[in-house]
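Dear colleague,

Please find below the structure that I am handing over to you. I would be grateful if you read the notes after it with the coordinates open.

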Amino acid sequence: MWWRSPSFILDNRQQQPNDTARRDALSIPLSSPLPPSTTMADPNPNPNHKISAYYQTRAAHHGVVSSDWLAQAQAAVGHLPEGDDDASNNDQGAPSGKPFSVIDEFNNWRKQPDLAEAVAAIRALAAVIRNSQATTMMELEIELKKASDSLKSWDTTSISLTAGCDLFMRYVTRTSALEYEDFNSAKTRLIERAEKFGEISYKARKIIAMLSQDFIFDGCTILVHGFSRVVLEVLKTAAQSKKLFRVFCTEGRPDRTGLRLSNELAKLDVPVKLLIDSAVAYSMDEVDMVFVGADGVVESGGIINMMGTYQIALVAHSMNKPVYVAAESYKFARLYPLDQKDMGPALRPIEFGVPIPSKVEVETSARDYTPPQYLTLLFTDLGVLTPSVVSDELIQLYL
Amino acid sequence: MDARRGSLPVPRVRQVGFFTPNAQPAPTRSQSGPPDSSSPPLSDSPASNSLSPVMIPPPRHHSDNLAAAPRPTSPLPVPEPSPFRRRGADNNNALLVGSYNPAETLLAMSPSSSHVGDGESEETMSGGWFRRSNSGKLASSLPSGTFDFSPVQSTAEALKPNKVQNPVGISAPKEQQPEAPSSSKQPKPKLTKAERRALQESQRAAKAAAKAGGGKSVAAPEEVATIKSVKQHQTQKKDAPQVAVSVAASERKGGDKSQEKERRKDAPAPRMQFDDKSRVEKAKRRSVVDQTEAKKRVELFRHLPQYEHGTQLADLESKFLQLDPMHPAIYKVGLQYLAGDISGGNARCIAMLQAFQQVVKDYSTPPEKTLPRDLTAKISSYVSFFTQCRPLSMSMGNAIRFLKNRIAKLSPSLSESESKSSICTDIDRFINEKIVLADRVIVQHASSKVKDGDVLLVYGSSCVVEMVLLHSHELGKQFRVIVVDSRPKLEGKALLRRLVAKGVHCTYTHINAVSYVMHEVTKVFLGASSVLSNGTVYSRVGTACVAMVAHAFRVPVIICCEAYKFHERVQLDSICSNELGDPDAIGKVPGRMDVNYLNDVSNSGNLQLLNLMYDATPADYVSMIVTDYGMIPPTSVPVIVREYRRDHLLI
């Protein structure tokens with residue numbers, strides 16, 4: 001799966017100096033001489049089960065747009081303080097005197113707003129291997145397993161976190177030649193693979209942006225839903241290559257992520273129109289294609305994404321508009337929901353502005369499942385796939 | 001960036017499952033490709049109407065065609081079909097003289113097999129073949145000489161450009177040009193061809209002589225060959241364009257020959273088509289089980305075996321002591337199939353494999369034979385015995401293929417006892433890994449989909465589905481089961497009994513009421529006899545109906561099926577491959593003496609009773625297939641088939 005990644009598409013393109021600088025900063029080895037602690041004993045840092053930790057993180061990263069979002073948007077101009085982040089990372093990267101904990105490591109990486117949760121987890125797991133004091137492969141593998149389990153239990157609602165950890169385990173530990181080498185070279189090899197995996201995952205967004213350029217034509221109108229960093233990257237790349245297109249942004253209640261996206265797009269001089277979520281069908285006839293991101297891509301080829309994606313896909317399907325999904329391959333999960341309720345719940349609070357009587361029930365689910373028959377294509381870092389190929393990839397990876 | 005866009009004008013999209021890659025004429029697949037293109041002229045001639053052009057076998061010698069094409073006795077140029085009929089005669093001849101070559105017969109028979117309803121014309125054709133096979137001198141008695149030639153030829157010419165596009169290796173490029181029929185261009189290539197022909201003639205004569213030396217020949221083929229060659233040389237110059245046409249056809253086929261052979265090896269043997277009289281005759285002669293054909297056969301299903309039920313068992317039992325080549329274990333399992341004591345895909349497959357294991361244990365290689373070859377032949381004969389008892393399911397076909405593969409792959413350095421024990425362990429492993437453990441994995445996966453408060457609908461009796469229900473019940477999940485059943489087997493009652501005994505809350509209904517109960521159902525669990533690579537589920541008759549109703553009610557349909565039952569075949573309907581049950585079973589209702597409307601009319605010629613055993617559910621109605629590889633969408637069946645095949649070799 002990963003070795004077939006069409007990352008060659010990036011090779012032609014000279015890397016932005018900013019990127020390389022950051023990657024260098026990231027790949028500084030983190031060495032902790034202290035023995036690792038069993039992180040399984042850690043209490044779940046997210047005791048509030050009413051609210052999905054995944055969406056809390058997203059809210060923190062994307063700056064939930066509240067009613068005074070304009071003021072925040074002004075402040076957000078100075079957003080992405082990369083230098084600061086990297087510096088703090090490097091400071092915390094080698095915590096001396098404190099036992100190494102994969103959760104801490106993960107939280108360090110997670111602070112970077114541009115880094116997806118799964119990639120942060122992958123980097124954290126790579127750090128586990130590096131810091132490991134294990135002397136046998138088996139020991140190392142058990143340690144890795146524990147670390148990944150604790151990461152997964154940190155937030156059970158995040159599909160990409162779980163899938164990313166699983167994929168990392170498969171990718172890193174699946175090598176039959178390991179038994180024949182001595183432990184140190186095997187470990188070096190594991191670290192190499194782990195870093196390569198992290199690298200691929202990190203590059204994924206750019207690969208997707210490049211692959212999807214063929215589908216955006218001049219004069220098209222694109223409907224986007226919610227805020228997805230991949231979709232933003234796609235649109236950014238299209239705008240940078242001087243394509244003329246128009247974007248309709250849904251509002252994205254309740255955390256109004258669409259407002260943030262429209263803000264970002266306006267900065268790129270892309271014509272943007274903001275719709276309330278219920279105006280999708282009304283404006284669908286003007287739309288040429290629908291672009292959405294995904295929280296997770298499931299085995300049927302369908303996606304789990306922010307609430308409202310399913311109905312947009314349904315409307316688009318009934319009007320014969322293509323629905324494109326941009327998703328990194330670390331979001332491919334071994335899940336198979338049969339219907340909307342057949343998923344682990346991910347809840348988040350909804351603000352209505354007025355007090356709601358206690359007798360009134362509120363649907364607080366944060367995401368829905370879009371079946372594959374309503375999706376046209378998936379843009380992933382493995383290439384442009386039809387929904388049915390997702391299962392092919394998953395089978396090949398896990399079997 | 002623009003440069004990159006230029007290099008990639010068409011977006012590349014990866015697909016899986018069912019799509020047609022444009023203009024790739026998969027040459028390894030079937031005979032329907034290349035031979036098709038050369039046959040259109042044939043279909044216009046009345047004599048060959050019943051021969052399916054698609055399945056015409058390639059000649060084994062160029063001279064086959066050449067010898068037959070021109071006829072000295074006929075005053076008119078002879079129409080095209082004759083070479084093919086001629087070839088048919090040759091094949092039959094070969095069969096009559098006893099050199100039974102399965103590949104040959106398969107090919108010779110396959111033309112008719114593609115037609116379902118033309119039994120009569122087939123008969124006349126084969127009659128013709130037999131007559132002609134007596135000697136080479138009967139050429140003048142052929143009806144073909146009387147046909148008007150010109151329209152045939154004109155169609156041949158019109159269709160010439162079609163032939164040219166034949167994608168497979170071609171030996172005579174000159175004939176391939178669209179203007180080939182013009183006779184002015186012929187002389188030069190003809191000379192070289194004449195030489196080639198002479199060479200081939202001599203080879204053929206030598207071969208025929210060898211055959212005759214074998215002492216099996218009835219008619220002297222040597223003579224026939226020489227007569228033919230003489231004829232050919234005489235007539236060659238007379239009707240040059242006509243010869244050119246047939247030469248073009250034959251040369252092309254000759255070029256195909258080696259590829260054709262490989263293709264034949266790869267392609268699965270075509271199934272027996274029971275409307276093919278001559279082949280059925282032959283099969284009957286070899287068969288152990290004495291079956292009388294049903295008097296009234298359902299027209300649309302003539303290609304399936306339709307025998308009188310209930311007669312074979314007693315007959316076979318009486319034969320028990322005479323059948324010395326048959327192993328008793330095989331015999332026992334065959335009888336159990338016949339009597340219906342063993343039913344259900346897994347049970348039948350396990351019984352068969354265990355019988356084979358017994359055979360292998362008791363096997364000793366006869367002198368001057370090798371174990372892999374002899375044992376494979378033995379197993380093939382046992383398989384045909386099983387087929388006579390009851391048509392094999394596709395899963396059993398897969399298991400047999402696995403077993404034969406293992407036998408063929410045995411290392412020659414192993415001693416006999418080692419080989420035998422290796423085969424036995426392989427069989428054990430197959431049963432364990434592919435059936436027992438697979439079921440356990442399926443149960444794990446499927447019961448994760450059962451939630452509290454669910455209403456599950458099941459149809460018929462599938463052992464995996466039953467295990468899923470019981471396991472979910474053991475896990476303490478609160479759910480209700482609706483068992484849907486259908487006549488005549490009423491297998492659901494047994495399932496119902498077992499479920500109720502375990503304390504599962506059940507509802508029992510017949511398939512007539514499925515649309516009534518469907519609105520309260522939350523999930524449908526179904527078993528399958530096999531899953532085909534377009535996602536079609538081949539299962540107990542009625543499954544398609546249940547799945548369709550569930551789909552209409554937006555209820556997810558979950559198929560539980562072990563991966564060894566997946567088959568690479570594609571099937572679009574349930575007509576071309578099916579199994580017919582006892583027709584009387586649907587005519588009579590046991591225990592209801594008042595339902596006797598059919599008693600006096602059941603012998604009437606107007607009434608045909610059809611008791612189908614299986615049907616095909618389209619992939620659209622299936623939400624998910626649970627296999628030992630996890631939960632997959634029906635579009636991913638080809639992926640599993642691909643992986644699983646590799647697995648076959650690895651085990």
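This is a predicted model: local features need pLDDT of at least 70, side-chain atom pairs count only at pLDDT 80 or more; totals for chains, interfaces and linings use all residues.

Residues are numbered from 1 along each chain as its sequence is written, chains are lettered from A and ligands numbered from 1 in the order in which they are written, and side-chain values use heavy atoms, with hydrogens and water left out.

**The two chains**

Chain A has 15 helices and 10 strands, and chain B has 25 helices and 12 strands. Helices (H or I, at least four residues) and strands (E, at least two) are DSSP runs, numbered from the N terminus.

Of the 399 residues in chain A, 56% are buried; for the 651 residues of chain B the share is 49%. Here buried means under 20% relative accessible area, exposed means over 50%, and partly exposed lies in between (1.4 Å probe, protein chains only).

The accessible surface of chain A is about 16,900 Å², with 55% supplied by carbon and sulfur atoms. For chain B the surface comes to about 30,600 Å², and carbon and sulfur atoms account for 56% of it. These areas come from the Shrake-Rupley method with a 1.4 Å probe; for residues, only the protein chains shown count as cover.

Among contacts (heavy atoms within 4.5 Å) between residues at least 6 apart in sequence, 79% in chain A join residues at least 24 apart. The corresponding figure in chain B is 77%.

Two packed helices are described by the angle between their axes and the distance between the axes. Axes are lines fitted to C-alpha atoms, for helices over the stretch in contact, and angles run from 0 to 180 degrees between N-to-C directions.

Helix α15 (residues 328-339) of chain B and helix α17 (residues 371-389) of chain B have axes that come within 8 Å and cross at roughly 20 degrees. α15(B) is therefore roughly parallel to α17(B). Angles under 35 degrees count as roughly parallel, over 145 as roughly antiparallel, 65 to 115 as roughly perpendicular and the rest as oblique. The crossing of α15(B) and α17(B) is right-handed. A crossing is left-handed if the near helix is turned anticlockwise from the far one by less than a right angle, and right-handed if clockwise.

On the α15(B) side, the residues that meet α17(B) are B:Ile330, B:Tyr331, B:Val333, B:Gly334, B:Tyr337 and B:Leu338; their partners in α17(B) are B:Tyr382, B:Phe385, B:Phe386 and B:Cys389. The residues of this contact of α15(B) with α17(B) comprise 9 nonpolar, 1 polar and no charged. In this count Ala, Val, Leu, Ile, Met, Phe, Trp, Tyr, Cys and Pro are nonpolar, Asp, Glu, Lys and Arg are charged, and the others, Gly among them, are polar.

α15(B) also packs with helix α16 (residues 345-361) of chain B, at an angle of about 165 degrees and with the axes 8 Å apart. That angle makes α15(B) roughly antiparallel to α16(B), and the crossing of α15(B) and α16(B) is left-handed. The contact involves B:Ala329, B:Ile330, B:Val333 and B:Tyr337 of α15(B), together with B:Arg348, B:Ala351, B:Met352, B:Ala355, B:Phe356, B:Gln358 and B:Val359 of α16(B). The residues of the contact of α15(B) with α16(B) divide into 9 nonpolar, 1 polar and 1 charged.

**Individual residues in chain B**

B:Cys389, in helix α17 of chain B, counts as buried at 7% relative accessibility. B:Cys389 and B:Ala339 are 50 residues apart in sequence, with their C-alpha atoms 8.8 Å apart in space.

B:Ala347 belongs to helix α16 of chain B and, at 34% relative accessibility, counts as partly exposed. B:Ala347 and B:Ile435 are 88 residues apart in sequence and 9.7 Å apart from C-alpha to C-alpha.

B:Glu466 is in helix α20 (residues 463-474) of chain B and is buried at 11% relative accessibility. Not counting residues up to four places away in sequence, B:Glu466 touches B:Leu495 and B:Arg498.

**Backbone features**

A cis peptide bond joins A:Arg253 and A:Pro254, with omega about 0 degrees; A:Pro254 is in the loop between β2 (245-250) and α12 (257-267) of chain A. In chain B, a cis peptide bond joins B:Arg487 and B:Pro488, with omega about -5 degrees.

A:Asp269 is not a glycine, yet has a positive phi of about 65 degrees, and is exposed with a relative accessible area of 69%. A:Asn320, also not a glycine, has a positive phi of about 60 degrees and is exposed at 70%.

With kind regards
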